[in-house]
Amino acid sequence: MPQEYRLILKNIDQPGYTPDLDCYLRHGGYEALRKALAIQAKTSPEGKTTSAQEHIRDEVKISGLRGRGGAGFSCGLKWSFVDRKSGKPIYLICNADESEPGTFKDRQIIHKDPHQMIEGMIISCFANDVHLAYIYIRGEFPEGACILNRALAEARAKNLLGKNILGGGYDLEIYVHRGAGAYICGEETGLIESLEGKRPYPRIKPPYFPAVLGLYMSPTIVNNVETLCAVKHIIAMGGAEFAKLGTPNNTGTRIVSISGHVRKPGYYEVEVGKATIGEMIFHFAGGLQEGRKLKAVIPGGSSAKVFKAGERFKLKRKGPEGKDVEQEVDLLDLPYDFDSLMAAGSMSGSGAIVVLDDSTDIVEALANIAEFYAHESCGQCTPCREGSLWMSKALHRLTHGEGRKQDADYLLRIADNIPGGRTICAFGEACSWPVQSFVRKFKDEFEAKGAAAEGRQKQTAGAGPTPEMKLAASPQ
Ligand SMILES: Cc1cc2nc3c(=O)[nH]c(=O)nc-3n(C[C@H](O)[C@H](O)[C@H](O)COP(=O)(O)O)c2cc1C
Ligand code: SF4
């Protein structure tokens with residue numbers, strides 16, 4: 001059985017471990033920053049000079065680190081896109097919005113080990129010639145914002161931030177910015193708009209790729225809390241050592257939030273791809289309640305496509321001779337990594353597994369998710385604004401005894417017409433994927449609910465008004 005591999009969570013939840021700077025320093029805190037600041041420029045025998053900053057960026061590339069915020073995009077590659085010749089300042093933003101339902105890992109870091117995140121940020125800023133950075137934290141984390149401000153003040157007082165950090169000649173300031181509680185502020189361009197003091201309307205890409213035209217139309221790096229923490233460990237252990245953790249193309253560790261119908265909901269840090277979905281649910285999270293059976297799994301936050309218990313997938317794997325061979329895999333044997341989940345038609349997204357057992361009314365579950373998305377659409381694009389609302393309304397009537405059998409097809413028709421380049425941002429996909437997958441995989445339940453409601457509506461129409469209806473209609 002795989003074990004937890006606590007790299008980022010190493011000290012978190014240990015007895016006596018506190019979020020203050022002294023405690024962090026006692027546990028080797030800011031040593032990776034000292035190491036980074038001490039790196040010297042090197043000149044190869046061919047005469048090519050690599051600066052300390054380039055060296056760190058190379059280490060991050062070598063580590064194979066993929067972003068932990070949702071898309072799993074290569075961190076090293078993202079940093080390589082930054083326009084370093086524009087003459088404008090380069091900004092870095094730590095995305096601490098943690099708004100994807102089911103996700104609760106970043107808040108653990110913020111609350112229990114804020115200096116780890118700040119150290120990761122300082123190293124990342126140094127590596128990218130950033131002198132001003134922001135932590136964008138969701139409005140619902142007021143305590144987290146206080147903890148971070150306290151930690152930043154402690155860091156300033158010890159010259160870990162500010163002018164001439166640790167005497168190394170590097171200046172950096174970091175500010176905390178609180179959101180006002182909107183899911184779309186987690187989307188990086190919506191976040192940037194919000195940070196600029198505007199409505200968080202996502203920007204269209206191209207041209208507004210943050211690496212070129214981000215905050216104040218300047219090159220900007222947006223990385224998730226966990227991604228930035230991983231950078232600290234990459235510098236501490238070296239990119240190649242980090243790459244040995246996890247599995248090829250899915251390196252390092254990942255903090256997975258597990259919730260829903262499990263005995264031990266919580267956050268578990270594992271080497272990426274070393275545990276299967278079955279092990280995450282039944283080993284780490286303690287399995288289901290007595291007598292219950294697995295019905296479905298949402299593998300990467302509420303926007304990820306749902307898996308149905310018993311589903312099987314065809315995956316390409318390396319055979320004994322190193323050649324790719326196709327293998328059929330049961331849902332529970334699916335490795336929990338970026339590539340396997342994508343090959344199975346979903347995603348590991350924000351690393352949040354939501355487990356649904358056989359007591360779940362699947363139509364109710366989807367109605368709940370759809371209501372969230374209808375509420376959170378920013379409204380700029382017609383397919384997303386109208387479509388998310390229509391889907392939510394159809395699901396509302398299905399769950400309130402007023403649905404129709406054909407609502408299942410109606411939902412699919414709407415959901416299939418939102419994504420695919422019709423919207424400005426990926427929210428279009430995020431609101432459609434749950435509907436597409438829930439309805440396709442559990443269509444009988446949606447149709448049965450609609451048909452039952454239709455039957456009741458016919459009966460009621462045939463029977464005429466009930467005494468209650470007559471009373472309600474009569475003048476008082
Ligand atoms: C609708 C939507 C919501 C998002 N919410 C978050 C979030 O809460 N936190 C986060 O880190 N990334 C979120 N993302 C992803 C960010 O846009 C961005 O890709 C990420 O912060 C990049 O960090 P990473 O490369 O370290 O993963 C969201 C994306 C979309 C489309
Ligand atoms: S897809 Fe939805 S959330 Fe994204 S910009 Fe368009 S309306 Fe706003």
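Ligand 1 has 17 residues around it, and Gly69, Lys78, Asn95, Asn224 and Thr227 come nearest; a residue is near a molecule if one of its heavy atoms lies within 4 Å of it. This is a predicted model, in which local features need pLDDT of at least 70 and side-chain atom pairs count only at pLDDT 80 or more, while totals for chains, interfaces and linings use all residues. Residues are numbered from 1 along each chain as its sequence is written, chains are lettered from A and ligands numbered from 1 in the order in which they are written, and side-chain values use heavy atoms, with hydrogens and water left out.

Let me turn to the polar contacts of ligand 1. By a polar contact I mean a pair of N or O atoms within 3.5 Å; within protein, one must be able to donate a hydrogen and the other to accept it, and residues adjacent in sequence count only if both atoms are side-chain atoms. A polar backbone atom of Gly69 is 2.7 Å from an oxygen atom of ligand 1. The side chain of Asn224 places an N or O atom 2.8 Å from an oxygen atom of the ligand, and for a polar side-chain atom of Asn95 the distance to a ligand oxygen is 2.9 Å.

Next, ligand 2. Which residues come nearest to ligand 2? Of the 13 around it, they are Cys378, Gln380, Cys381, Cys384 and Cys425. The shell comprises 8 nonpolar residues, 5 polar and no charged. Here Ala, Val, Leu, Ile, Met, Phe, Trp, Tyr, Cys and Pro count as nonpolar, Asp, Glu, Lys and Arg as charged, and the others, Gly among them, as polar.

Ser377 is in the loop between α14 (362-376) and α15 (382-399); helices (H or I, at least four residues) and strands (E, at least two) are DSSP runs, numbered from the N terminus. Is Ser377 buried or exposed? Its relative accessible area is 14%, so Ser377 is buried; the term means under 20%, with exposed over 50% and partly exposed in between (1.4 Å probe, protein chains only). A polar atom of the Ser377 side chain lies 3.3 Å from the backbone nitrogen of Gly379. Leaving aside neighbours within four places in sequence, Ser377 is in contact (heavy atoms within 4.5 Å) with Cys384, Arg385, Ser388 and Phe427.

Gly428 belongs to helix α17, residues 427-441. Gly428 counts as buried because its relative accessibility is 1%. Not counting residues up to four places away in sequence, Gly428 touches Ile418, Pro419 and Thr423. The C-alpha atoms of Gly428 and Lys198 are separated by 21 Å, and these residues are 230 apart along the chain.

I close with backbone geometry. In the loop between α8 (188-195) and α9 (210-213) we find Pro206, and Pro207 lies in the loop between α8 and α9. The peptide bond joining Lys205 and Pro206 is cis, with omega about -10°; the bond from Pro206 to Pro207 is also cis, with omega near 10°.

Tyr30, although not a glycine, has a positive phi of about 65°. Its place is in the loop between α1 (21-26) and α2 (31-38), and at 0% relative accessibility Tyr30 counts as buried. Tyr216, again not a glycine, has a positive phi of about 50°. Tyr216 is found in the loop between α9 and β6 (220-224) and is partly exposed, with a relative accessible area of 43%.
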